[in-house]
There are 2 protein chains.
Amino acid sequence: MRKKYVVSVDLGGTNVKFALVKGKKIISRREIPTKAYKTKDALLKGIVGEVREIISALQTYEVCNYKPRRFVKVAGIGIGTPGLVDYKKGVVHHLVNIKGWKDVPVASILRKALGVPVVLDNDVNLMALGELAAGAAKGAKNAVCITMGTGVGGGIIIDGKIYRGSSLSAGEIGHTPVTLKGPKCNCGGWGCLEKYVGNKAIVGRYRGTFLGPRQNHSGATKLRLTPEEISRKARRGDRAAVRTWKETGECLGMALTGVVNLLNPEVIVIGGGVAGAGKFLFGPLRDTVRKRAMDLPARTVKIVRVKLGNDAGLVGAAELVLSGLRIKN
Amino acid sequence: MRKKYVVSVDLGGTNVKFALVKGKKIISRREIPTKAYKTKDALLKGIVGEVREIISALQTYEVCNYKPRRFVKVAGIGIGTPGLVDYKKGVVHHLVNIKGWKDVPVASILRKALGVPVVLDNDVNLMALGELAAGAAKGAKNAVCITMGTGVGGGIIIDGKIYRGSSLSAGEIGHTPVTLKGPKCNCGGWGCLEKYVGNKAIVGRYRGTFLGPRQNHSGATKLRLTPEEISRKARRGDRAAVRTWKETGECLGMALTGVVNLLNPEVIVIGGGVAGAGKFLFGPLRDTVRKRAMDLPARTVKIVRVKLGNDAGLVGAAELVLSGLRIKN
């Protein structure tokens, strides 16, 4: 059987990424800056235009490779987006940086404009689905995928499928409390994991250790410092950077110990900018889980870096389309 | 269709409880003290004897009620036991207080002696199954059941079935870390929830508040104090007892916030001695989850007391037999 084509869309706050996916492979890519589109309608039109171009380029690709007798269709369009999404209705509730974006039935709008099935889901769920299909969680029955960045998100795989929970909001591992009291979080709670291992916390840990609290307000370094830079510093032997990753790993390891004891997964896949810290993060992280989690589940679980990197969500979006999910709209 | 009979056995460290179950209802009960049997073989013989008596009493019951034409058979025997159990092989790895109890193929031994199918599982899983069938989690798709006592155990229901994890050890909610550092736990880790909301911690909280640290070693009160007694004191208006339950609820609420955000369950069912604290525990517990968990899953979840009480495990054992699980032995 010939593999089907899918157009995957990663609808983020900064960029909208597009990919033509065949099976589990990305054949071509495009990208547009989200912020260049000032309104909801402009952005949706922009997306429709890009998808049309991808589909028309697909004809050329097919003609060159397989000489098809008729117009080649895509099986559908799969969209991933951060935050609160109703995958059953194909509605994106919020989108950062776009004014007037509230409860937009994206799937329905795109289906009408493009005439092909459209499905959508939370980007972390799609990352999990991508890693499950062709990445670090390939073939796993039970897995947890985590993306670390400004926020810390999670996708849970149970019995080889995305586990969504009773009101479709499962997987919010970034909001696991790690202390009885603690700093206020955007989610309304306090002491959440995200406040301890999110990008801001990582940079804060490094600054606190390295420059001391007094110099925290000095401009230049503050502007540029990112977890990626701290990873580079660690590789160059900067002890404060190594220590930053150690503390981050221990704290993330504490939360993952709870997940390992509770869910007994085969594999925990970690993605996002921090995954580049490599052994500096994964060393203390695995160590903490090995020491703190119960013997049997600790021996069972593998804690690994994402394999597909930023492509995991795009491959996952294609998987969602090919899984046969259909949205009634 | 006539409902089938099952003999349920709750094989605990203190007592072995037996019940004849018809459908989801307990018809008769028996009990023997575990410690009266000094060896593994003596205890197993004792169990076989009790089960035989239950089955023969069943004949009398049937004759009186339905006048059956032939010997009435039970559909099987379901056994629940604490600790590490291999439900697939029907093996109980450990049993507290019984010498030489190591990796005993209980299901196989009882099947040979009694000639009926025998299945077994962890007692917390069976409690969850019982509450799902006829108790506080009735009809739930996703639920978490927790038993609180000396230890804190958990059973997870996903998609209406027990979720067991990749090496059959899922559900160990008592070993969720609640602090970065903390007291050493029997599990090998540290800072586990059990150390903060187990019976010992509850009594310790009360003593610390009430008598002050210096008098902690005074004999008489120390010997008798139990969570049940602290509940009675709270109902009588003892402020230290009320405070003990408040602190316990806040700490349990912190761990359950993580579970609610991660698994987005419909219901969390809490059983064990502490459930008798009623509003003194459940008030601060529900309050903490409402405040700390994310809005949507916090609004979704109900946090309730077990409905079947100590019978949940016995009803669950019958459910396991009727589910058609068969052990190859």
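1. In this predicted model, helix α7(A) passes helix α8(A) in a left-handed crossing.

2. On the α7(A) side they are Pro227(A), Ile230(A), Ser231(A), Lys233(A) and Ala234(A), while α8(A) contributes Ala241(A), Val242(A), Thr244(A) and Trp245(A). Sorted by class, the contact of α7(A) with α8(A) has 6 nonpolar, 2 polar and 1 charged residues.

3. Turning to chain B, helix α7(B), residues 227-235, packs with α8(B) at an angle of about 120°, and their axes lie 7 Å apart; the two helices are therefore oblique to each other. The crossing in which α7(B) passes α8(B) is left-handed. From α7(B) the contact draws on Pro227(B), Ile230(B), Ser231(B), Lys233(B) and Ala234(B), and from α8(B) on Ala241(B), Val242(B), Thr244(B) and Trp245(B). These residues divide into 6 nonpolar, 2 polar and 1 charged.

4. Helix α8(B), which spans residues 239-263, also meets helix α9(B), residues 279-292, and the axes of this pair come within 7 Å and cross at roughly 40°. The helices α8(B) and α9(B) are therefore oblique to each other, and their crossing is right-handed. By class, the contact of α8(B) with α9(B) comprises 11 nonpolar, 6 polar and 3 charged residues.

5. A reader may next ask how chain A and chain B meet. In the model, 43 residues of chain A are in contact with 43 residues of chain B. The size of an interface is often given as the accessible area lost when the parts come together. For chain A and chain B the buried area is about 3,700 Å², with 61% of it on carbon and sulfur atoms. The count of salt bridges between chain A and chain B is 0.

6. Over all chains, however, the structure holds 30 salt bridges. One salt bridge joins the side chains of Arg29(B) and Asp311(B), at 2.8 Å from N to O. This pair links distant parts of the chain, since Arg29(B) belongs to strand β3 (residues 25-33) of chain B, whereas Asp311(B) sits in the loop between β13 (302-305) and α11 (312-322) of chain B, and the two residues are 282 residues apart.

Conventions
Residues numbered from 1 in each chain as written. Chains lettered and ligands numbered in written order. Predicted model: local features only at pLDDT ≥ 70, side-chain atom pairs only at ≥ 80, totals over all residues. Heavy atoms only, no water. Axes fitted to C-alpha atoms, helices over the stretch in contact; angles between N-to-C directions. Helix = DSSP H or I, 4+ residues; strand = E, 2+ residues; numbered from the N terminus. Parallel < 35°, antiparallel > 145°, perpendicular 65-115°, else oblique. Left-handed = near helix turned anticlockwise from the far one by under 90°. Nonpolar A, V, L, I, M, F, W, Y, C, P; charged D, E, K, R; others polar. Contact = heavy atoms within 4.5 Å. Buried area = accessible area lost by both parts, 1.4 Å probe. Salt bridge = Lys/Arg side-chain N within 4 Å of Asp/Glu carboxyl O.
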